[in-house]
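Welcome, and thanks for stopping by. Shall we walk through how the chains meet?

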There are 4 protein chains.
Amino acid sequence: MRKIDPERQQAKRRQIMEAAGNCFARRGFHATTTAEICAEAGMSPGNLFHYFDSKSAIVEAIVEEERADTAAYFAALDESSDLLEALLDFLDAVMAFAADKTYARLALEIAAEATRNPAINTQMAAGDAQTRADIARLLRGAMANGQVDAGLEPEQAASWIVALIDGVFSRLAMDPGFDPQREAPMLRLVVSRFLKAGSAR
Amino acid sequence: MRKIDPERQQAKRRQIMEAAGNCFARRGFHATTTAEICAEAGMSPGNLFHYFDSKSAIVEAIVEEERADTAAYFAALDESSDLLEALLDFLDAVMAFAADKTYARLALEIAAEATRNPAINTQMAAGDAQTRADIARLLRGAMANGQVDAGLEPEQAASWIVALIDGVFSRLAMDPGFDPQREAPMLRLVVSRFLKAGSAR
Amino acid sequence: MRKIDPERQQAKRRQIMEAAGNCFARRGFHATTTAEICAEAGMSPGNLFHYFDSKSAIVEAIVEEERADTAAYFAALDESSDLLEALLDFLDAVMAFAADKTYARLALEIAAEATRNPAINTQMAAGDAQTRADIARLLRGAMANGQVDAGLEPEQAASWIVALIDGVFSRLAMDPGFDPQREAPMLRLVVSRFLKAGSAR
Amino acid sequence: MRKIDPERQQAKRRQIMEAAGNCFARRGFHATTTAEICAEAGMSPGNLFHYFDSKSAIVEAIVEEERADTAAYFAALDESSDLLEALLDFLDAVMAFAADKTYARLALEIAAEATRNPAINTQMAAGDAQTRADIARLLRGAMANGQVDAGLEPEQAASWIVALIDGVFSRLAMDPGFDPQREAPMLRLVVSRFLKAGSAR
DNA sequence: GATGAATGAGCCTTCATTCAT
DNA sequence: GATGAATGAAGGCTCATTCAT
């Protein structure tokens with residue numbers, strides 16, 4: 001008699017998510033067939049649909065994982081440390097992810113899919129809002145410490161920081177010469193100057 | 001005997017491009033069927049394919065038009081005027097377009113499509129490179145005039161300005177609270193601070 | 001320039017309905033694939049779905065045609081003739097149809113399908129109600145003429161006559177020895193005795 | 001060491017048959033998945049297929065049970081009693097079953113399935129033939145007693161009585177206003193008049 | 001130039017059944 | 001006996017594009 005093993009279940013789901021992620025990054029979400037995902041995951045279609053209700057559900061799981069990871073990143077921050085530095089470190093971390101071709105392409109694919117899949121859009125919008133809130137929190141702290149221009153609205157400033165991050169992934173798609181490794185310091189620079197306390201408008 | 005009338009031809013193509021643009025903005029590129037475009041354009045499929053070889057060719061024409069418009073915008077600039085101001089005005093113009101829901105959604109759809117359609121990607125990359133070159137030219141002039149931090153690399157700085165623009169459209173998709181009207185001054189601010197001469201790193 | 005030709009359209013639909021009817025009678029509704037219908041109709045799937053939105057829509061069209069035919073049959077009756085005889089003639093007509101193997105099997109298939117397809121069920125129920133109403137009308141006339149037991153409720157009596165008709169098709173499915181040709185007079189007899197004026201309960 | 005316990009085995013089969021019957025009545029035979037039957041029976045698919053070789057085998061068992069029950073009904077009749085009355089009582093019993101929504105829908109589902117499943121068709125045809133034979137036997141006895149028109153062929157008359165019964169279930173599917181409770185006396189009436197000794201054709 | 005009927009390859013998903021544990 | 005994960009064939013339908021008129 002075998003009981004349902006949630007760990008095994010989760011492992012299978014992970015396996016599928018990874019296989020799907022590779023396929024999506026390689027060929028795009030729409031161009032990827034479930035058959036391809038099955039092949040990549042070494043699994044029959046019947047079995048794949050045992051773990052996910054639909055192709056879309058796989059993306060949703062990927063998005064959710066990403067959201068959770070980002071949330072965990074911010075939750076782990078030491079609130080007593082240098083908050084501006086913490087924000088800039090986050091940007092470095094983003095650039096490190098962006099340097100991974102597969103990750104970058106997958107991020108783009110998912111964003112594109114969110115354009116037309118309302119479920120994914122809603123989910124991504126939620127994660128996005130959460131990230132903006134986390135950044136705004138850092139900004140508020142940094143303002144209190146005098147590290148950041150107190151004349152800025154934290155939420156609005158966070159929006160523009162996230163816009164820059166989105167822009168990075170767009171650059172990766174449009175400009176073959178855009179090298180994340182080389183550009184990481186520039187992202188710090190752009191954000192630093194934007195936030196700098198004592199700036200005159 | 002009637003000769004081929006290139007103007008009439010061009011008018012029909014425009015009619016199709018507009019119909020397709022509306023459909024793409026409304027339902028997305030992939031979800032839009034050629035039948036829908038035909039209906040919106042008041043035209044039979046046989047006829048539509050008389051003017052465009054493929055659905056993709058319609059997008060390519062739209063992208064090309066956009067590219068030409070942007071190129072014309074920069075070509076029309078008075079080189080002897082305030083170049084930094086010219087750049088910031090360009091950003092305002094972008095935000096004005098972004099305020100148009102249909103335009104914004106269409107831009108997003110096309111960017112998403114470029115993700116997987118190599119022809120469109122190549123074409124957009126070319127337009128993108130051109131825009132960066134135009135911005136870099138402005139920056140170089142503004143640097144010569146001492147308006148912009150001469151320590152920046154013009155091409156690299158242009159990249160980040162374009163990244164911000166891309167980010168704006170991403171914001172429109174992800175954040176329902178992002179209001180182009182209200183955010184236009186912020187875009188000026190972010191770019192101004194980034195470029196400001198005399199900034200210390 | 002070709003205009004939509006409604007006759008040609010209707011002819012195609014008929015062609016498909018006949019092909020589908022043959023397939024359904026031969027293999028059953030569920031076992032029949034759209035590919036089989038296409039093959040039987042000499043047509044590509046794309047084209048078939050140009051004329052019918054779904055496999056189910058084909059059955060609906062068949063049912064509708066049947067309903068219209070039956071309605072036309074009753075509408076064409078001479079109201080001044082012998083109404084009881086008209087009813088019994090109708091029963092003979094039904095038995096003549098039942099003698100056609102393909103028709104009989106198709107009728108059964110459709111009835112079975114109505115069991116689980118609500119759209120078809122509704123439609124068949126409507127046709128059924130109409131037929132019962134038509135029969136009840138005949139009965140009322142025949143009662144006025146003293147040909148039919150006036151103690152019967154016309155609608156209720158009509159129900160039982162229709163039940164017998166349904167029962168005939170059931171017999172054809174269950175009893176290989178049930179020969180419509182031979183049984184036609186029996187149907188007249190059962191109904192005649194049931195309706196006979198002057199019967200004592 | 002545990003021996004195979006046939007009673008336990010039989011109980012499990014019954015449990016499955018009942019669960020399946022409920023599902024079939026609720027959603028139809030084809031629409032019911034084995035997974036649903038498993039859920040209703042509180043059982044894993046592996047286990048279910050341990051007791052029945054196939055989904056079809058479950059229906060076959062249900063049909064067989066029904067056949068046996070009907071056979072038992074006739075076997076239990078007192079041959080010395082009023083045979084016409086016995087027949088009419090049987091009809092009342094049928095109507096009582098028909099009044100049970102679940103039973104009625106299940107009967108219909110199974111009849112529909114018999115349309116396309118040869119194994120079930122054969123089996124139902126056998127039960128049907130048996131019932132007709134039982135009714136014919138009653139009729140022969142009733143003829144001998146002068147209760148039934150001796151001019152009728154017993155087998156043929158039985159066929160038409162069974163046709164009426166089938167028709168009742170058809171009515172239940174097609175006519176929401178058909179109330180078994182109310183119609184039971186009518187079935188008696190139709191059959192009585194049909195069989196009545198001394199009838200003139 | 002214009003029409004709309006015709007094509008056909010391809011995809012997501014279902015589900016009865018089997019099998020390893 | 002019991003579990004539930006795994007299988008894989010099959011099917012309805014879509015839609016960009018072509019072609020006869």
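**Where chain A meets chain B**

Visitor: How many residue pairs are in polar contact between chain A and chain B?
Guide: This is a predicted model, in which local features need pLDDT of at least 70, side-chain atom pairs count only at pLDDT 80 or more, and totals for chains, interfaces and linings use all residues. Residues are numbered from 1 along each chain as written, chains are lettered from A and ligands numbered from 1 in written order, and side-chain values use heavy atoms, leaving out hydrogens and water. A polar contact is a pair of N or O atoms within 3.5 Å; within protein, one must be able to donate a hydrogen and the other to accept it, and residues adjacent in sequence count only if both atoms are side-chain atoms. With both residues at pLDDT 80 or more, the count between chain A and chain B is 21 residue pairs.

Visitor: Which helix gives the most to the side of chain A that touches chain B?
Guide: Helices here are DSSP runs (H or I, at least four residues), numbered from the N terminus. On that side of chain A, α6, α7, α8 and α9 each supply at least two residues. The one that gives the most, with 13 residues, is α8(A).

Visitor: How many salt bridges are there between chain A and chain B?
Guide: A salt bridge puts a side-chain nitrogen of Lys or Arg within 4 Å of a carboxyl oxygen of Asp or Glu. R193(B) pairs this way with D149(A), their closest N and O atoms 2.8 Å apart. Between chain A and chain B the count is 12.
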